[in-house]
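This note concerns the salt bridges of the structure shown below.

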Amino acid sequence: MLSYQHAYHAGNLADLHKHALLATAMDYLTRKDKPLSYLETHAGRGLYRLDGAEALKTGEAAAGIERAASQGWLPEDHPLMRALTAIRSSRGGNTYPGSPLIAAHFLRPDDRVHLAELHPAEHAALSTVTGFATLHQRDGFEMAQAVCPPTPRRGMLLIDPSFEVKADYAAIPRHIAKIARKWNVGVIALWYPILTDDRHLPMVRDLMRDHPDALLSEVRFPPARPGHSMVGSGMWVVNPPWGLADEAARLETIFAERA
Ligand code: SAM
């Protein structure tokens, strides 16, 4: 059963961490004059309204991207801020782009995009804002196994599950090992929540055992509400593009000082 809806959480501090690294990676990868593939296993609806009932109910965007933008956490020329400004100028000032639109901001006409989203309503909403992509309404890991290695062969895969089932944590290293074997040049990024019970630790240990050169970036922040169990955000990246480790270190300092 799919109950998670990202509209309640879009633009929160975890999105800021994940999307700042995604935008930095895409900015670098698209500098080279060679086409690439961009893939996502769990795409969401692509565009969110920060004045919508869901965002207002949780206040997570107000404490996340809105606070970070008003306090200048990221410079105006940061790839995420450039993408945000451009997308808001065409889609409206109260919107927040999901990862597919952030990635698409950097893409060129010859780049190829595959997005999986299983939830029927999220998939339908995604289809209204992603004319540039091939959409798959199927399990994201099945899509990635089917499409990898993609054409063009260089590129990036973002895995951003909703972690609704505890078993996801054990299954993810196995899924990633299979994908990485088929696509050894791909940049493969996984986002995961840091919860108060540290349930991500065995998953991260298995991922690092299989891919010892991967980049691991974690930031901490206060819970969105008293008693809320998410207290941080993790991004783990195989074949990280040049400069991503420096950007991860910069973000870790910003979160430590300001979150
Ligand atoms: N990546 C998006 C972003 O950063 O803007 C947010 C994605 S949200 C965390 C996770 C999404 O995965 C939800 O929209 C959910 O409906 C979808 N989902 C859940 N299980 C899935 C599965 N097995 N395959 C594909 N999508 C799934």
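1. Glu 122 is buried, with a relative accessible area of 4%; here buried means under 20% relative accessible area, exposed over 50%, and partly exposed in between (1.4 Å probe, protein chains only). Its salt-bridge partner is Arg 45, with 3.0 Å between the closest N and O atoms. Arg 45 is partly exposed, at 26% relative accessible area.

2. The model is predicted: local features need pLDDT of at least 70, side-chain atom pairs count only at pLDDT 80 or more, and totals for chains, interfaces and linings use all residues. Residues are numbered from 1 along each chain as its sequence is written, and side-chain values use heavy atoms, leaving out hydrogens and water.

3. Helices (H or I, at least four residues) and strands (E, at least two) are DSSP runs, numbered from the N terminus.

4. The whole structure contains 14 salt bridges, each defined as a side-chain nitrogen of Lys or Arg within 4 Å of a carboxyl oxygen of Asp or Glu.

5. Asp 111 pairs with Arg 108 in a salt bridge, the closest N and O atoms lying 2.6 Å apart. Asp 111 is buried at 6% relative accessibility, whereas Arg 108 is partly exposed at 23%.

6. Within helix H10 (residues 244-258), Arg 250 and Glu 247 are three residues apart, about one turn of the helix. Their salt bridge has its closest N and O atoms 3.1 Å apart, and Glu 247 is buried, with a relative accessible area of 4%.

7. Salt bridges also link Arg 205, Asp 206, Arg 209 and Asp 210 in a network.
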